[in-house]
Amino acid sequence: MITKIVSVKEINGETFVELSESPFRESSGGQPCDYGTLEGDDFEAEVYDVISPQEVKVKSVSGKVVVGEVDAEIDSFRRSMLTRMHTAEHIFFRSLQMMLPALELDKIRLDEDSSTLTVFAEDVSWDDVFSAEEMANAIIAEDRPIKEHTVPKSEVCCRFPELRIKIDRIHEEHVRVIEVYEHDFSACSGTHCKSTKEVGGFIVTKLNSAGPGRFEIGFKVDIMAELFEYSGVARKISSVLGTELDKIEPTIVNMRESLERFKRMAREVKVESNSEDINGINFVYSEAEMEPKQLMRQVSEMLKPKTVVCFINRTEKSPQVMIAVSEDLPYDASSMINKVCERFGGKGGGRKNFATGSIETIIFKEVLGLVREMLN
């Protein structure tokens, strides 16, 4: 598009350009603004933000941006992807709402690669999402027409009883309504496809809880790469588990339940410890191999008055040393752990009464010997 630069302003290191006419669309309706370029006789600049229909922010690629005639071009790939994403969001949200009638839209975040829909609902399951995804793709394949209506605000709810609209947010006299034939009516200022087939395909990539009664749903439109990726992951998991594809989910659920059961059993296991008297101090020590948090709980339970506890945990990465000192003793656990780590190679830290560190090799007797020296 050939247009004119009316003014150029530098504010806080950013360049603002005013155009007489502009092809660039500002952010609205949950859809980000256009990107693009401005090209003059002696300069080229990248448009990276749109402030208003005529004002844009630019970065110089070459030359100096000046007032005068310019060729303004939008990033057509970005516009196309955002348009397809936005249309897909309309189709999918309405499909999911048909599964969950109480569903409400919170916000959308559209991007070229992947987008996110945030909704309010008592619950949203993957089964709900899969059903809505299947419906959305069926509607996309049917090549249904998508129409734009401009209706007076005072008439819009009567003309479109099923319209999705937040009427209090609309300050213009007319409302732009996007109709997906026999599926959805939504008040929206974004760009949309002319038919559902232009979307090209739809896939949900994630479903996360975003707090009580709130869910984030990630999605994409160019789906072939994702389908092959997910298929590859599923086939690898099937091979590792030694089960059929359709049995992956129940197999993993059973494994998770077994893991939780083993964790509960492990929490009940107590470390056998030894103790000796050193100058009236009860020195408790032991060697173990268990989850660090569980061992820390047992160290705390053993920390009686006039007691020092020293445990070595044989973890997968490197042996871990734990030292605890009762509050009635004048010793500093963090200082003691630092001396152990200095002697046997490693690092650690903590507080006066409890400290941990990792060392390079399992040298149980040598560590105990050093701690005994510090207590004598």
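At what angle do helix 7 and helix 8 pack, and how far apart are their axes? In this predicted model, helix 7 covers residues 333-344 and helix 8 covers residues 364-375. The angle between them is about 135°, and the axes lie 10 Å apart. Angles over 145 degrees would count as roughly antiparallel, and 65 to 115 as roughly perpendicular; helix 7 and helix 8 are therefore oblique to each other. The crossing of helix 7 with helix 8 is right-handed.

Val233, Ile237, Ile252 and Met255 make a nonpolar surface patch of about 320 Å². At least two residues of this patch come from each of helix 4 (224-241) and helix 5 (248-267). Val233 belongs to helix 4. Its relative accessibility is 42%, so Val233 counts as partly exposed, given that this class lies between the 20% limit for buried and the 50% limit for exposed.

Asn12 has a phi near 50°, which is positive in a residue other than glycine. Asn12 sits in the loop that runs between strand 1 (2-11) and strand 2 (14-19). With 78% relative accessibility, Asn12 is classed as exposed. Glu182 is likewise not a glycine, and its phi is positive at about 55°. The loop that holds Glu182 runs between strand 10 (174-180) and strand 11 (184-187). Glu182 has a relative accessible area of 61% and is therefore exposed.

Next come the charged pairs. Across the whole structure, a search finds 16 salt bridges. One of them joins Arg164 and Asp184, with an N to O distance of 3.0 Å between the side chains. This pair links distant parts of the chain, 20 residues apart: Arg164 is in the loop between helix 3 (156-159) and strand 10, while Asp184 is in strand 11. Are Arg164 and Asp184 buried or exposed? Arg164 has a relative accessibility of 14% and so counts as buried. Asp184 is also in the buried class, because its relative accessibility is 1%.

A salt bridge also forms between Lys220 and Asp113, where the closest N and O atoms are 3.8 Å apart. Lys220 is in strand 13 (residues 214-220) and Asp113 is in the loop between strand 7 (104-109) and strand 8 (115-120), so this contact ties together parts that are 107 residues apart in sequence. The two partners fall in separate accessibility classes: Lys220 is buried, at 15% relative accessible area, whereas Asp113 is exposed, at 53% relative accessibility.

The side chains of Glu289 and Arg314 meet in a further salt bridge, at 3.8 Å from N to O. Glu289 lies in the loop between strand 15 (281-288) and helix 6 (292-302), and Arg314 lies in the loop between strand 16 (307-313) and strand 17 (320-325), so the pair ties together parts 25 residues apart in sequence. Glu289 counts as exposed, with 58% relative accessibility. Arg314 has a relative accessible area of 29% and is partly exposed. Returning to Lys220 and Asp113, salt bridges with shared partners join these residues and Glu226 into one network.

Key
Residues numbered from 1 in each chain as written. Predicted model: local features only at pLDDT ≥ 70, side-chain atom pairs only at ≥ 80, totals over all residues. Heavy atoms only, no water. Patch = residues over 30% accessible without salt bridge, like charges linked within 9 Å, V, L, I, M, F, W, Y side chains within 5 Å. Areas by Shrake-Rupley, 256 points an atom, 1.4 Å probe, with all protein chains shown as cover. Salt bridge = Lys/Arg side-chain N within 4 Å of Asp/Glu carboxyl O. Helix = DSSP H or I, 4+ residues; strand = E, 2+ residues; numbered from the N terminus. Buried < 20%, exposed > 50% of the residue type's maximum accessible area, 1.4 Å probe, protein only. Axes fitted to C-alpha atoms, helices over the stretch in contact; angles between N-to-C directions. Parallel < 35°, antiparallel > 145°, perpendicular 65-115°, else oblique. Left-handed = near helix turned anticlockwise from the far one by under 90°.
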